[in-house]
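This briefing looks at strand pairing and nonpolar packing in a predicted model. The sequence and structure come first, and the points that follow are grouped by topic.

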Amino acid sequence: MKFLASLPLILLWLLLFACKSQIAASIPPTSTTVRVVQGATIPAAERTLQPIQGVEIESTSEISPSPTIERECPPSAGVPAVTHTAAVNISFSQHAAQVTQNTRYLNLTGETLENIVFDVEANRIPAAFTLNSLLVNGSDAPAYELTGREMNVHLPHPLPPGCAVELDMDFRLMPSAIGEGAAGIGGYFGYSQRQMNFGNVLPFLAARQNGDWVIHPVTAIGEQIVAEVANWSVTLSIEGAPDDLVIAVPGIIEQVGDGAIHASIDGSRDFAFSLNTGAALASQTTSNGVVVEMITFEDALVPGENGIIQGPAHALEAASRAIEMFSDLFGEYPYDRLVIVQGDFPDGMEYTGLVFVSGDWFRSYPGTPASYLFLITIHEVAHQWWYASVGNDQAFNPFLDEALATYSEITFLEEFYPDLRDWWWTFRVSTFVPPDYAGLPINSTVYQFDAARPYINAIYLNGAKMLEALRQDLGTDVFFNWLRRYAEASARRIVTPEQFWSLLSPLQLEAIAETRARFENGE
Ligand SMILES: [Zn+2]
């Protein structure tokens, strides 16, 4: 097999409209809780927690601790809070993967933790995730509950602040066959004749905020993931792969043996990869050194009046220009590469360093920038800043990433295709959000919607209208300066609307007060 380069990242897109709205058809049935109290399969080794330099750890004992029970943690200076190291062995013919994953978590919360919560997205789907073993610090078999996407692990020993814990999991992933048409929603974890996708299905830690693990219930609208960034190091081994296999994977990659590839990406909110047969790979390096890769199939090339329309090449060029432009506007592109994959499912999906764009957008591409292929590609590129780099609670504050990604589309068109400005506002926005629009306010949560269309109208499209009005209030230079400061100050964090607004001065807040009240409260 050959590994045509490879690619970082993913992300992308949406049903005609943007990313993260592909949710709807994939709501699982009521989840069953699997509660497991494991036997002590391995005698607990004499555990010594070692201290971290510079971290003062109080003894909980009134009695002077003996050296063997002293809490000692390894030095943690410069150590990332979360690292995931996984070996993924994929059987191409069986459409299954056997995974061993080590997650190292450094407790920076300032409080002693009794439990750790993982987000196991694959377990939203019945029989897609089978946990074979779970160990803490290599020896203790902890009790845990697994309910849908939430896995609550009870630590055998409390984890003091400043100390790290390691969890080793062994599990099996079974993606489903991607259905036809709308039934293919959710195909970012699924397989077709020519593609096998694993979008964010390796377990990751739920975010920890205000003393709680944050993991929201699944709803019909949007994704509800809240994820901190982590460092990922993943080795993919493929059995039975065809010779023309093209692996899409984010980060820095290297071939590590026949049929194996290693990828590492730091500061990532997720990890996704895709295996493709019969696909073409094209790549381009932007003027600021970002490698952009485009993986498409033959049907992405459609006949036009003057010959074949080169959709993949056009989308690759647009994505590269968007990365250059957004790097200028919002700060340097946060990763080394971006991989764009033609998805064999209806919408698309965004991940860190890798995005899927549905084959529908390629097959319907008319050969002009006034097209969803361009808009969705640009939108997904923008999510590398507004989602991957600057994180937010996608369930409770969805406008923070979706309104900004949508407004980034028109920002791109203004720069490169100014004649399309009016077209965009009509085609993309006014058609769904007319001047007398009276939908829910911009600061609504995903739980206030029961269908994708009103959600997209209220959050993505009316959100773009709000940003345009804010730009009018502040002036173009001040507006984009604000967005840049926001992107830089919020990189690799999970931010709130309050933090977004707080970067404006009192005078600027006064200037936008009327606009903000109108969009937040409908006043
Ligand atoms: Zn989006």
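In this predicted model, strand E5 (residues 113–119) is paired with strand E8 (residues 150–159) through six bridges in the antiparallel sense, and within that pairing Asn115 has His154 of E8 as its bridge partner. Both strands belong to an open sheet of five strands, ordered E2-E7-E8-E5-E13 with antiparallel pairing.

**The open sheet**
- The edges of this sheet are formed by strand E2 (33–36) and strand E13 (204–205), each of which pairs on one side only.
- Strands of a sheet pair through backbone hydrogen bonds, in either a parallel or an antiparallel arrangement.

**Pairings of strand E9**
- Strand E9 (residues 164–173) runs antiparallel to strand E4 (residues 96–106), to which 10 bridges join it, and Arg172 in E9 is the bridge partner of Gln98.
- Strand E9 also pairs with strand E6 (residues 129–136), again in the antiparallel sense, over seven bridges, with Asp170 of E9 standing opposite Ser133.

**The largest nonpolar core**
- The largest nonpolar core contains 155 residues, of which Val88, Leu173, Leu202, Phe326, Trp386 and Phe500 touch the most other members.
- Helix H7 (residues 452–474) gives the most to this core, contributing 12 residues.
- Leaving aside residues up to four places away in sequence, Leu202 touches Ala86, Val88, Val99, Gln101, Phe171, Leu173, Trp232, Val234 and Phe271.
- In soluble globular proteins, nonpolar side chains tend to be buried together.

Conventions: Residues are numbered from 1 along each chain as its sequence is written. This is a predicted model: local features need pLDDT of at least 70, side-chain atom pairs count only at pLDDT 80 or more; totals for chains, interfaces and linings use all residues. Side-chain values use heavy atoms; hydrogens and water are left out. A nonpolar core is a set of buried Ala, Val, Leu, Ile, Met, Phe, Trp, Tyr and Cys residues joined through side-chain atoms within 4.5 Å. Buried means under 20% relative accessible area, exposed over 50%, partly exposed in between (1.4 Å probe, protein chains only). Helices (H or I, at least four residues) and strands (E, at least two) are DSSP runs, numbered from the N terminus. Contact means heavy atoms within 4.5 Å. Two strands pair if DSSP finds at least two bridges between them.
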